[in-house]
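Here is a short briefing on a protein model. It covers salt bridges, a sheet and a helix pair.

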Amino acid sequence: MLEELRITGLGVIEDTTLPLTGGMNVITGETGAGKTMVVTGLGLLFGGRADAGRVRAEPGRAVVEGRLRLAGRVAETVSARIIDAGGEPDEDGSVLLSRTVTTEGRSRAHLGGRSMPVSMLAEVGEQVLAVHGQSDQLRLLRPAEQRAALDRFAGPEHEKLLDALREVYTRWRSVVDDLASRRRNARERNREADLLRLGLDEITRVDPQPGEDDELKAEARRLEHAEGLRTAARLAQQCVAGGMEAAEDTPDVTTLLGTARRTLDGQSSTDPVLGELATRLEEAATLVADVSAELSTYLAGLDADPARLQAVYERRVALRALTRKYADDTDGVIAWAERARAQLSDLESSDELLDELDREVSRLAGEVAELAGRVSVARQEAATRFAAQVTTELAGLAMPHSRVEVGVLPRPVGKSEPGLSVNGVEVGIGPDGGDEVELRLLAHPGAPALPLQRGASGGELSRVMLAIEVVFAGSGGPPTLVFDEVDAGVGGQAAVEIGRRLARLARSHQVLVVTHLPQVAAFADRHLVVVKDTGGAVTTSGVRVVEDTERARELARMLAGLPDSDLGIAHAEELLAVAARERRA
């Protein structure tokens, strides 16, 4: 549960702390005192969108801090996610989280002692908190939201079935779009394929090899300067090992090194240093001999062949023709050809490929229809349970003769959605199946079943929505539930029943209720009042816990606007006594 909430610099709230408890926490106060800022602060704390316009000019930033204490599976899931993100719960198992928003709109979040993305707060919020307000009532009047609500009520196995349907539906539509694109753009694709074939044919005729342009460039340079290279290599060889063109009395390097080695070797017994130098001269002589051999090989292979030079020129011209069109070098040309072959394979819309795609479309359509049929059956079964449970809750909310129906109907085939036969009926199919879901209310026996937006008054709609939320809470969900004036438009006995229902819900959940009804506030385990202070130059609000006499005075204010009236206080005390007996029942 949320143990504590501190809000600083948000709207009319300068700095206040809300000590919360398990069970039912009620927040009341005069209109405009700042009750909405409490809900806004909760939204910010759990990753909601930041509105810089709500930040007080002084101190220039709004800070919302909270302390969570969780138990059971939710605690394990949330703690593991926080630790994985680098945060750490406190030693007592609680988790601290905070959100800061500046007047410039900059936002920062902290969780478990570490700075975190705001999305992490939202991720934790999905696990621990659900906020229900009048906007949620309007949202649930939309058919798509009603279908989503029924799917959520149906349970995790139904969600898995829906996920499977969405996956197959996505694959089916992808293949359908691919086939339509191939048929629609066949001429364009064939023209593109012809251009790729021309390029591949040209490259295939030339058949470039990796690194060939650099190799040919080097070979051309050798052939162009063959005579100069031969002269240099022959002179070097003569200097190293002699030759027939050298004078007979001109010693070569090999001879001189041999003479030097033998001279030093003869004195090595006298001084070992000369022996070491003689060894190194022997190594030098071996190296010179190797160079001489390689020079001989080089000279033997060096040939000023005009025909070969012409062939190299022609080959380089052919390669340059390719590099001008397709890439900077032969390696790039080869890579272009590989990509072109892959692209050509994709573009070739042969009759066999189209037939194969046709068969794949039919196969996937069958899978979609089969899964949509199973989803529809599961929705109808869940709709019966859901309607029965909501109707039962309505009886406890002073609507004993009202009944809720949940219609699961085939969706008509429209222009924007494809049609498929599901369970023998042609329906418009989408990623969520082929059903339309509609919540209907029978206000009294004999009344027609009308959609909620047409069949319910404002007060009835509030009670129906509360009943739906109670049913959802009973089937699981976050441990903390926030209700923001969902009792609007309700009074009298119905208000008492709403308070009783919320108190019953608080036995298994932590419940936070923002209300203007004393009948609801009387059932609270903890009553907090938002108080506006207009004594200074700037209006501010704070929150305080009221108990005993103060609580009776607050209820008297809510009942008649007369907190000091003896009759009002007596009425409030009677209301508190009734609520206390109801809670104990």
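Arg403, Glu405, Glu438 and Arg440 are linked in a network of salt bridges. The model is a predicted one. In total, the structure holds 33 salt bridges.

**Salt bridges**
- Glu438 bonds to Arg440 in a salt bridge, with the closest N and O atoms 2.9 Å apart.
- Glu438 is partly exposed at 29% relative accessible area, whereas Arg440 counts as buried at 17%.
- Glu212 and Arg315 join their side chains in a salt bridge of 2.7 Å, N to O.
- Glu212 sits in helix H8 (residues 212-224) and Arg315 in helix H12 (residues 306-325), so this pair ties together parts 103 residues apart in sequence.
- Glu212 is buried, at 11% relative accessible area; Arg315 is partly exposed, at 22%.
- Asp163 and Arg166 form a salt bridge, their closest N and O atoms being 3.4 Å apart.
- Both Asp163 and Arg166 belong to helix H6 (residues 156-184), three residues apart, or about one turn of the helix.

**Sheet**
- Three strands form an open sheet in the order E9-E12-E13, with antiparallel pairing.
- E9 (403-410) and E13 (450-451) are the edge strands, each with a single partner, so one side of each lacks a neighbour in the sheet.
- Eight bridges pair E9 with E12 (residues 435-442).
- Helix H5 (residues 143-154) packs on the sheet and touches E9 and E12; its direction makes about 90° with that of E12.

**Helix pair**
- The axes of H7 (residues 186-206) and H13 (residues 330-347) come within 10 Å and cross at roughly 145°.
- The crossing of H7 with H13 is left-handed.
- Their contact has 10 nonpolar, three polar and five charged residues.

How values were computed: Residues numbered from 1 in each chain as written. Predicted model: local features only at pLDDT ≥ 70, side-chain atom pairs only at ≥ 80, totals over all residues. Heavy atoms only, no water. Axes fitted to C-alpha atoms, helices over the stretch in contact; angles between N-to-C directions. Helix = DSSP H or I, 4+ residues; strand = E, 2+ residues; numbered from the N terminus. Left-handed = near helix turned anticlockwise from the far one by under 90°. Nonpolar A, V, L, I, M, F, W, Y, C, P; charged D, E, K, R; others polar. Pairing = 2+ DSSP bridges. Contact = heavy atoms within 4.5 Å. Salt bridge = Lys/Arg side-chain N within 4 Å of Asp/Glu carboxyl O. Buried < 20%, exposed > 50% of the residue type's maximum accessible area, 1.4 Å probe, protein only.
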